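Please walk me through this protein model in plain terms. I would like to know how its parts are arranged and where some of its residues sit.

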Amino acid sequence: MKSDKTRDEKKLSLRNTLIAVVVTLFFVGIIFMYYTMLYSEKRSNIIKSGEMTAKESADHIDHYLQTNIDAVNLAAFTLDEMLTEHRTDKEIQDYLVGQSTAVRSAVIENMTGLYGYINGRFFSGTRWEPPADYVATDRPWYTKPMENPGELTILDPYVDVQSGNVMLALGKTLCDGESVISVDVSLDQIQKLTEDAVRSGESDAEMLLNNSCTVVAHSDKDEIGKNYNEEIGTFGAEIVKKVDGTDDHYFEFSFDDADYVVYVADLQNGWHCVSVKDATNVFGSLNSILLITITVVVIIVVIISIIMTRSNRYLHMSTRAIAANEAKSSFLSNMSHEIRTPINAMLGMNEMILRESDEQSIITYSENIKAAGKNLLGLVNDILDFSKIEAGKMEIIPVDYDLSAVVNDLANMIHNRAEDKGLIFRLKIDKNIPRLLHGDEVRIKQVIANLLTNAVKYTEKGSVTLYMGYRKLNSDPDNILLTVSVKDTGIGIKEEDMQKLFSKFERIEEDRNRNIEGTGLGMGIAGNLLEMMGSKLNVESVYGLGSTFSFSVKQQVQGTDPIGDYEESYRESLAQKDRYHEKFSAPDACILVVDDNPMNLMVFKSLVKQTGVKTDTANSGDEGISLTRNKLYDLIFLDHMMPEKDGIETLHEIREDTDNQNRNTPSICLTANAISGAREKYISAGFDDYLTKPIDPDTLEEMMLAYLPKDKIQKRQAGIGEYEETGSGNMESMNSILSAISIDTDAGLKNSGTMDSYMSLLKIFYESIDEKTEELNRFFKEDDLKNYTIKVHALKSSARIIGAADFGEKAQRLEDAGKADDIGYIRGHHVAFMTDYESFREPLSKVFSGYDDTVRPEADPDIIEGVLEEIKAAAEDMDCERLDSIFEEMSEYSIPQDSAKLYENLKDASDRYEYKKIVELLSGNTDGAGE
């Protein structure tokens, strides 16, 4: 018996020994595989880190250099023309001063100013007067460009003795072969890039080398100015030798018993941006890890032996863990349900308060309770659904349902959320989809609602679109494949974050999206529900541009009737919303609006018309300043971007004029650029507030309420301020035409106030297509970026006002490119943009072929007075083009009865070029001055 036990013990010992050997060999193999993989991964990470750092620095540097190069080239081009035209020294000096100020303030803050040797004398854009012994033609900025006539020359960097800043000079000869235009640029920004890269740990050394391998910038300032080609045996010399000896963008080398990985990014003019990473410690630590890990293997073998003897215990503990997880899910499910019950009761009672209370403060509190309650209920529902899925208690329950009701519920749910964020919500529903289906209506609606809600949450501007279509199944004629997709123009998803999309309690880019509500469960729930219905969620996303979520699910057809034109019925339902009532009236108040776009002025007057506020308008900053000198206003609105004198310059001139009675009048900036920090920018410029375009009527009235004198504001009278119902031909046909060319009539009506105003604005947009097309093409051919940008800016505002949001976005991108002097982008997109613009012509001609445009806004007395003065001045100068322009602009208005006869006589005289008669009519010397 004892012998058998001994034999069994030996077998057990032998078995344990064999297991220990196998486990040891297994782990040793794993360790070496892991070490090889880790070494490769570390090396790859270092290379990628260096690549990203060098490329990012190179992009910043390339853009910085190109911006300065463009500034010199532009100045050289202009000065060549001035030399050809024999402009005076004063004109050249004024141009350099103006251009230096404009470029430095708008584009290149670190540029010191343009200067040069022109027409035999020195000029400075900063009005710097050189000392008597200063000989311009002996300076490197003059001699170096003269060695390369017609080419832009970049000089070696130098340290400015007075400021200590590292500077770089750029120069170019002019057409006369004896003049040079140049600029000094501070390299502090580039130097900061190299230092920040090292400070952040992205690299251990960062440098910028020019085409002769001279150090332009270096994370170690002592290296700046060294020529590594002239050094022997130094770290920099070794790097240059490797750079010259390889075509790869990265390489490895050793120096002074240290290992380095170097990444090189090429820039223009033969310059290089070099990022160096010290890999010595990284690879050394890997060797240490290998030794430590091998040592740990012995411990692991011992631990495994212990684990084997206690396996039954751990198995028991595992069973208990599973039971605990099930208990957790059950608890969450029960608790979520218990919480949801009182929330529903609270929301129900709050709804009764909203319906029965007339006290505004109570209604406000209730609206806040309603919003907060819905958010809380959504979070609890997510937890409840997720716990059900984890516990395996979620079921798919198919029922007969009406698809149009599902779409209607979804549209009503998401429309207000999108509208509150200024987003466009679109429906694209295939009108042939069978209306009656059989499936889990609740879960399908839940999935789509989740996708729509997320789209609105993560989209700050643009649109959210719900597409719904279907596909017949040849093998199964009783079922269809219902296809659904939700497309947004939001922040998008990085490729590396896609895997996090369906992780529970995990949100993508947590830091960036910390202010967005939610648990992070939504996508996981949607994905699980679709899997339970035999489908899956597909995601397509471009980071920064938007995302598309889509799925297809089989549904049984219960009837052959199609859903029909749901989009049209949805638009009609939106038209039945509560009518507008102005928040106040102020007939004794008077405001001034300054904007170079006539459509914007008309929109503004239409939006405030119901309040009774008197509104004066001006087409330019100078005209607005002139009006403020003669009349005291209660509030002034100034457009930011205007030619010649923008809104900020106009405001400063008003505020600095001690004799101007409107020095302290509250002023609001009108801008189409609603970017982060805009409010702070305009407040610091002197404005009291700012208002974004297209102007939201509610926001406008709230702002007027805040800034108009309180004693001039009256409470709104019941029944006043409703939209007037005006016909414009066949509305259904018009909406169909406008929808086909992506013009949203609902957005246009909201922006303009009334149907009559909207139709007038739409007609102005249509009739100006030819004129604006000619102007934009001319400025494009002439490379006149300034006027091109201004015209695109005005066109962007007009497009957004009439509801052409997509076209407005394209104009916005061209405007941004113009502001950044990105001529490449404009050249690459101008033709397509103009094609889109001209595509409006034919559809709009159909809209206005039968439109009665006799209802036009009436010109007020101030407009008539100003126009008559302009007509008289133009006639005295015998300027027929100016007269034609005046009458063309006035065609947008109807003429008051008391001025109609005089206006008609003036137009007849203008058509016959009878300038003397025009002057006589306006001087009261004939009997034709009206009735």
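**A walk through the model**

Asn 660 is a place to begin: this residue sits in the loop that runs between helix 15 (647-656) and strand 23 (667-671). The model is a predicted one. Asn 660 has a relative accessible area of 4%, and because this is under 20%, the residue counts as buried. Its side chain makes a polar contact of 2.9 Å with the side chain of Thr 628. Leaving aside neighbours within four places in sequence, Asn 660 is in contact with Ile 625, Thr 628, Arg 629 and Ile 654.

Strand 23, at one end of that loop, belongs to an open sheet of five strands. Their order is 21-20-22-23-24, and the pairing is parallel. Strand 21 (614-618) and strand 24 (689-692) are the edge strands, each pairing on one side only. From one strand to the next, the twist averages 20 degrees. Helix 15 packs on this sheet, where it touches strand 22 (635-639) and strand 23. The direction of helix 15 makes about 145 degrees with that of strand 22.

Within this sheet, strand 20 (residues 590-594) and strand 21 pair in the parallel sense over five bridges. Cys 590 has Lys 614 in strand 21 as its bridge partner. Cys 590 counts as buried, because its relative accessibility is 7%, under the 20% limit.

Strand 7 (residues 205-209) pairs with strand 8 in the antiparallel sense over three bridges. Met 207 has His 218 in strand 8 as its bridge partner.

Next come the nonpolar cores. The largest has 41 residues, and those with the most contacts inside it are Leu 403, Phe 425, Ile 448, Leu 452, Met 468 and Phe 551. Among the elements that give two or more residues to this core are helix 9 (403-420), helix 10 (441-457) and strand 18 (546-557). Helix 10 gives the most, with eight residues. Apart from this core lies another, of 35 residues, which includes Leu 96, Leu 114, Ile 190 and Cys 273. Cys 273 counts as buried, because its relative accessibility is 2%.

Asp 409 and Ala 449 are 40 residues apart in sequence, and their C-alpha atoms are 9.4 Å apart in space.

One last matter is the cysteines. A disulfide is a covalent bond between the sulfur atoms of two cysteines. With a limit of 2.5 Å between the sulfur atoms, the count comes to zero disulfides.

Technical notes
Residues numbered from 1 in each chain as written. Predicted model: local features only at pLDDT ≥ 70, side-chain atom pairs only at ≥ 80, totals over all residues. Heavy atoms only, no water. Pairing = 2+ DSSP bridges. Helix = DSSP H or I, 4+ residues; strand = E, 2+ residues; numbered from the N terminus. Buried < 20%, exposed > 50% of the residue type's maximum accessible area, 1.4 Å probe, protein only. Polar contact = N/O pair within 3.5 Å; in protein donor to acceptor, adjacent residues only side chain to side chain. Contact = heavy atoms within 4.5 Å. Core = buried A, V, L, I, M, F, W, Y, C linked by side-chain atoms within 4.5 Å. Axes fitted to C-alpha atoms, helices over the stretch in contact; angles between N-to-C directions.
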